[in-house]
Amino acid sequence: MTKRIGRLHILTDTVQQTRFSHVELAEMAFAGGADTIQLRQKEGSTRELIETARDMKKRCAEAGVTLIVNDRLDVALASASDGVHLGQDDFPIPLARDILGPDRIIGGSAATLEEAEKCVADGADYIGFGPVFPTDSKDDAGPVSGIEVLAEVVRRYPLPIIAIGGISIKNAAEVIRAGAHGIAVISAVCCQDDPAQATRALFQALQIELSKKND
Ligand code: TZP
Ligand code: MG
């Protein structure tokens, strides 16, 4: 079956900013045109995270938006989310596939060509590649790839590549021109005064570049 991999992934963050909850951020992101929300919470109670994920899944389903849970296969299962996003040290992708089955989305993180190759071999549905640019949002983000390595990943590997790390309205068009299928952002939406408007600006930048590709 064909799984629809979104183009504009908003990772909800309640650590770098505390004004908005995950659910509030998700709703502002839908309002701005995001097609994928990734619930990303590294700390705290598992029960509360499951409650949040279930609430988000309901709202995402109503909005026709994909919900991916970062790191936590258990929470993705408990909330019947559309998928899970797994880093190189998280739950192994092949085992996650055995548990989730063929129809759920599994994204893998890669910071290098070798890690991208592993995501492909493991059976990921898309690769979150980066940090493409410097970021303050992840301490252990790995080496900054730059745009050339991003383009090389796109050339080499047959999966949708979602660029992440320091992506903003200033460089979103450039990463799409480099061949990325889409972008994933934290601070460019969650830390802005108006997250819905910030999402809308990114959405419009993507639309313009993607429509040029289809000309
Ligand atoms: N993975 C690689 S870089 C990164 C993650 C989660 C952080 C992205 O955050 P920002 O604020 O969009 O740079
Ligand atoms: Mg992870």
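Reply: Let us begin with a definition. A pocket is an open set of grid points with protein on both sides within 12 Å along at least five of seven lines, and its lining residues have an atom within 4 Å of a point. Please bear in mind that the model is predicted.

Me: How many residues line the largest pocket, and which of them lie nearest its centre?

Reply: The lining of the largest pocket is made up of 38 residues, and those nearest its centre are R40, S109, G130, K138 and A141. The volume of this pocket is about 750 Å³. By class, its lining comprises 14 nonpolar, 15 polar and nine charged residues.

Me: Which helices and strands each supply at least two residues of that lining?

Reply: The strands are β1 (8-12), β4 (83-86), β5 (105-110), β6 (126-129), β7 (161-164) and β8 (182-185), and they are joined by the helix α8 (187-190).

Me: What takes up the space of the largest pocket?

Reply: The space is taken by ligand 1. Around ligand 1 one finds R40, T135, S137, K138, I164, G165, G166, V185, I186 and S187. By class, this shell consists of three nonpolar, five polar and two charged residues.

Me: Which polar atoms lie close to the oxygen atoms of ligand 1?

Reply: For a polar contact, one looks for a pair of N or O atoms within 3.5 Å. Here, a polar side-chain atom of S137 is 2.4 Å from an oxygen atom of ligand 1, and a polar side-chain atom of S187 is 2.5 Å from an oxygen atom of the ligand. G166 contributes a polar backbone atom, at 2.7 Å from an oxygen atom of ligand 1. The ligand taken alone exposes 380 Å², of which the protein buries 94%.

Me: What can be said of the second largest pocket, and which residues are closest to its centre?

Reply: The second largest pocket holds about 350 Å³ of space. It is lined by 14 residues, and D13, V15, R40, K42 and S137 are the closest to its centre. Its lining has one nonpolar, five polar and eight charged residues. R40 and S137 also belong to the residues around ligand 1.

Me: Where does the backbone call for attention?

Reply: Two places may be inspected in turn. The peptide bond from G130 to P131 is cis, with omega near 15 degrees, and P131 is located in the loop between β6 and α6 (146-156). G130 is also one of the residues nearest the centre of the largest pocket. The other place is D71, which has a positive phi of about 75 degrees although it is not a glycine. D71 lies in the loop between β3 (66-70) and α3 (73-78).

Key. Residues numbered from 1 in each chain as written. Chains lettered and ligands numbered in written order. Predicted model: local features only at pLDDT ≥ 70, side-chain atom pairs only at ≥ 80, totals over all residues. Heavy atoms only, no water. Near = heavy atom within 4 Å. Polar contact = N/O pair within 3.5 Å; in protein donor to acceptor, adjacent residues only side chain to side chain. Areas by Shrake-Rupley, 256 points an atom, 1.4 Å probe, with all protein chains shown as cover. 1 Å grid on protein atoms, 1.4 Å probe; cavity = no way out; pocket = protein on both sides within 12 Å on 5 of 7 lines; lining within 4 Å. Sits in = over half its atoms within 2 Å of the grid points. Nonpolar A, V, L, I, M, F, W, Y, C, P; charged D, E, K, R; others polar. Points joined across faces, edges and corners; volume = space filled by probe spheres on them. Helix = DSSP H or I, 4+ residues; strand = E, 2+ residues; numbered from the N terminus.
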